[in-house]
Amino acid sequence: MSNNYKVADIGLAESGKLKIEWAEARMPVLMALREKYIATQPLKGHRIAGCLHVTKETAVLIRTLRAAGAEISWSGCNPLSTSDEIAAALAAEGISIYAWHGLSVDEFYWCIDRTLDFKPTLTLDDGADLITRVHTKFPELAEIIYGGTEETTTGVHRLRAMAAAGKLLYPVLAINDAETKWEFDNVYGTGQSSLDGILRATSVLLAGKNFVVGGYGHCGRGVADRAKGMGAHVAATEIDAIAALKATLEGVRVMKMDEAAAWGDIFITATGMKDIIVGRHFDAMRDGAIICNTGHYDCEINLPDLEARARSKRTIRDNLEEYILQDGRRIYIIGQGRLVNLAAAEGHPSEVMDMSFANQFLGMVHMAEKGKSLEATVHDIPRKQDLELATLKLATMGVAIDALTEEQVAYADNYLEGT
Ligand code: ADE
């Protein structure tokens with residue numbers, strides 16, 4: 001079957017293939033699932049529309065879904081996160097893919113709509129833009145869709161709101177909420193890849209810098225930990241008392257953004273909320289402040305407020321814009337305020353995406369088998385799946401763990417035994 005596609009340059013396919021090969025060698029759990037499910041073809045007859053960052057790791061997921069029998073159409077889920085090499089490699093392999101780096105908002109939705117032309121029976125989202133498009137523009141498609149999956153905290157939040165309003169038309173699995181996803185991807189993946197993006201874009205020394213993390217959730221904590229490890233003085237801003245307490249006891253100063261604005265050298269937002277850094281914060285910042293975002297959407301830094309204060313703007317390095325304010329101070333924005341780890345680097349490392357995408361793959365298989373019988377709401381990943389994936393991942397890493405003896409189980413259940 002011939003595929004339709006729109007990518008930046010199909011000539012990049014060969015270098016994309018090498019990158020996918022590199023990722024495959026670091027995603028043993030997903031590769032083991034590919035090996036296992038190739039025989040039973042659980043996705044045969046299904047058409048999957050996916051809307052998720054086009055990276056080398058995503059290509060490994062796509063190849064695995066196809067190996068299990070699915071036909072695939074794909075778009076990226078962020079205007080700046082597509083690797084053109086990977087998109088080209090996938091197009092050359094026969095995937096119907098509509099994705100290129102730097103597309104406009106109109107083009108972004110055009111790409112999603114092309115994947116829906118394909119009349120999917122399953123949807124796979126990161127940020128819920130695809131499923132929202134089904135609900136708002138093509139609701140008739142919901143009748144043929146068995147179910148969907150959602151990758152990220154922000155997307156799950158949107159879908160729970162849709163379900164609570166009684167508007168969700170088919171069941172969705174919250175991949176983000178699997179422990180083997182959020183405990184690893186959100187913390188270690190975001191931690192490493194966000195610093196990777198900051199360093200590729202700026203090449204500044206982190207040691208000794210005042211580093212402000214907006215939000216101390218799993219992503220913010222991961223970033224804060226890594227920045228601390230590189231010698232930065234780290235502060236976090238929070239609206240949640242427990243998260244703020246956790247940060248404080250983990251050696252991270254907590255302050256309001258109004259105070260942090262004047263203190264920080266480098267800022268990163270990781271909240272999923274809009275307007276974390278706004279005009280009055282830019283007014284207070286030091287000359288040379290560097291700002292970026294690692295949340296799903298680009299609304300955490302209020303760029304219109306910055307534009308309004310700027311007398312000029314230029315691109316000074318790849319993915320780095322310099323704004324000169326009316327009073328002469330320079331403010332630097334990485335990746336236009338979009339996800340710094342994907343706009344300025346390659347996203348989370350393959351080793352951690354291995355678990356996230358093993359969950360995605362099993363989620364698709366689950367929906368193909370059970371979707372039609374599930375209530376149209378947001379469902380959790382079965383605990384059993386989490387444990388199986390963790391066990392498999394440990395095995396691939398050569399890590400062995402103990403098991404309780406019968407006596408120990410009996411001891412744990414014996415409430416009479418004390419001192
Ligand atoms: N989200 C964060 N990192 C990613 C990656 N490497 N691939 C796909 N989605 C991601």
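Me: What counts as a polar contact here?
Reply: A polar contact is a pair of N or O atoms within 3.5 Å; within protein, one must be able to donate a hydrogen and the other to accept it, and residues adjacent in sequence count only if both atoms are side-chain atoms. This is a predicted model, in which local features need pLDDT of at least 70, side-chain atom pairs count only at pLDDT 80 or more, and totals for chains, interfaces and linings use all residues. Residues are numbered from 1 along each chain as its sequence is written, and side-chain values use heavy atoms, with hydrogens and water left out.

Me: Which polar side-chain atom lies 2.9 Å from a nitrogen atom of the ligand?
Reply: That atom belongs to E57. T55 also places a polar side-chain atom 2.7 Å from a ligand nitrogen, and a polar backbone atom of H348 is 2.8 Å from a nitrogen atom of the ligand.

Me: How much of the ligand does the protein bury?
Reply: The protein buries 95% of the 260 Å² that the ligand exposes when taken alone (accessible areas by the Shrake-Rupley method with a 1.4 Å probe).

Me: Changing topic, what are the domains?
Reply: An automatic or database assignment gives domain 1 (10–181 + 348–396) and domain 2 (190–343). Their C-alpha centres lie 29 Å apart. The contact (heavy atoms within 4.5 Å) takes 16 residues from domain 1 and 13 residues from domain 2.

Me: Which residues of domain 1 lose the most area to domain 2?
Reply: They are L80, T154 and H348, together 44% of what that side buries.

Conventions
Buried area is the accessible area (1.4 Å probe) that two parts lose on being put together, summed over both.
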